[in-house]
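Please examine the sequence and structure shown here. A series of questions and answers then follows.

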Amino acid sequence: MTRKMVLAVAAMLGATALVPACQKAGGGDQSANGAALAASGEPVPLDRLSVAPLVRRVSPAVVNIAVAHPSPYAQNPLLRDPFFRRFMGVPDNAVKPRLSAGSGVIIDAGRGLVLTNNHVVGEGSAIIVMLQDKRQFQAEVIGISPGTDLAVLRIPAERLTAAPLAAADTSEVGDYVVAIGNPFGLGQTVTAGIVSALGRGLTPESGMGLIQTDAPINPGNSGGPLINMRGEVIGINTAILAPGSEGNIGIGFAVPASVVRSVLRQADRAI
């Protein structure tokens with residue numbers, strides 16, 4: 001991977017720093033008091049509603065991913081020659097690698113394992129993972145599952161923070177959730193919502209039930225975690241429904257933790 005490509009990938013990843021703006025959340029009694037204040041018309045203190053403490057714990061495990069995909073023009077030996085490119089009317093930049101961005105989450109700090117979507121890494125010729133503290137590592141793909149749209153990457157296990165994976169699919173419709181990712185290459189971004197439905201299939205043939213959420217998910221969030229209020233990863237964000245546009249309309253989908261665990265077990269056999 002050339003120095004110019006690394007610089008381009010780094011620029012694409014964007015800023016990742018998060019500045020917590022709220023104080024710590026209170027306990028159960030404070031939440032009850034907050035509900036009473038809301039019912040009485042009094043303003044509810046922000047520290048009784050904030051997910052900032054949860055975000056502070058989990059966000060260091062969320063990574064930005066940039067992938068360089070080889071140009072199809074570069075596969076043609078003739079088009080590697082500038083003379084033939086000019087003769088065929090193919091611009092020089094057509095043979096440069098195409099860059100795309102996505103998200104991921106460190107799931108095993110001791111082994112440097114990162115989860116993301118298979119469609120994020122695809123047939124990438126180089127994959128760069130950028131941590132919240134702006135360190136960058138070139139990643140190795142150690143397992144893919146096209147059917148579940150999951151991929152397992154490995155980076156050097158150097159001072160990493162992992163997010164805990166939920167032990168079982170215990171989420172219920174109406175549970176509050178948080179999504180963290182890198183939408184549109186802006187850098188690490190946090191959104192919140194609820195579980196809208198369970199067991200969704202994107203196609204009639206799909207045998208995998210997805211978590212549907214209204215937490216805003218946009219292009220670039222793919223591969224990032226969907227987190228419950230205990231700070232556990234309950235799913236990996238994988239798709240949105242956006243008819244006629246590329247933006248979020250409140251219908252996003254995540255691969256549930258049980259499927260993630262199955263893919264991790266398969267990847268373990270390859271390590």
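Predicted model: local features only at pLDDT ≥ 70, side-chain atom pairs only at ≥ 80, totals over all residues.

User: In what order do the seven strands form the open sheet?

Analyst: Helices (H or I, at least four residues) and strands (E, at least two) are DSSP runs, numbered from the N terminus. Two strands pair if DSSP finds at least two bridges between them. The pairing is antiparallel, and the seven strands of this open sheet follow the order 5-4-1-2-3-7-6.

User: Why is one side of strand 5 and of strand 6 left without a neighbour in the sheet?

Analyst: Strand 5 (136–138) and strand 6 (140–145) each have a single partner strand, so one side of each lacks a neighbour because both stand at the edges of the sheet.
For strand 5, three antiparallel bridges join this strand to strand 4 (residues 126–130). In that pairing, the residue opposite Ile128 is Gln138.

User: Is Val120 buried or exposed?

Analyst: Val120 lies in helix 5 (residues 118–121). Leaving aside neighbours within four places in sequence, Val120 is in contact (heavy atoms within 4.5 Å) with Ile65, Val67, His69, Ser100, Gly102 and Ser222. Buried means under 20% relative accessible area, exposed over 50%, and partly exposed in between (1.4 Å probe, protein chains only). With a relative accessible area of 6%, Val120 is buried.

User: How far apart are the C-alpha atoms of Val120 and Ala101?

Analyst: Along the chain, Val120 and Ala101 are 19 residues apart. The separation between their C-alpha atoms is 7.2 Å.

User: Which residue forms a salt bridge with Glu140?

Analyst: Side chains of opposite charge can pair when their charged atoms come close. A salt bridge is a side-chain nitrogen of Lys or Arg within 4 Å of a carboxyl oxygen of Asp or Glu, and the count by this rule is five. Glu140 is partly exposed at 41% relative accessible area, and the N to O distance in its salt bridge is 3.2 Å. The partner of Glu140 is Arg154.

User: Is Arg135 buried or exposed?

Analyst: Arg135 forms a salt bridge with Asp133, with the closest N and O atoms 2.9 Å apart. Asp133 is partly exposed, with a relative accessible area of 44%. Arg135, at 17%, is buried.

User: Which residues are linked with Asp108 in a network of salt bridges?

Analyst: Asp108 is partly exposed at 22% relative accessibility, and Arg111 is partly exposed at 37%. The closest N and O atoms of their salt bridge are 3.0 Å apart. The residues linked with Asp108 in the network are Arg111 and Asp268.

Notes. Residues numbered from 1 in each chain as written. Heavy atoms only, no water.
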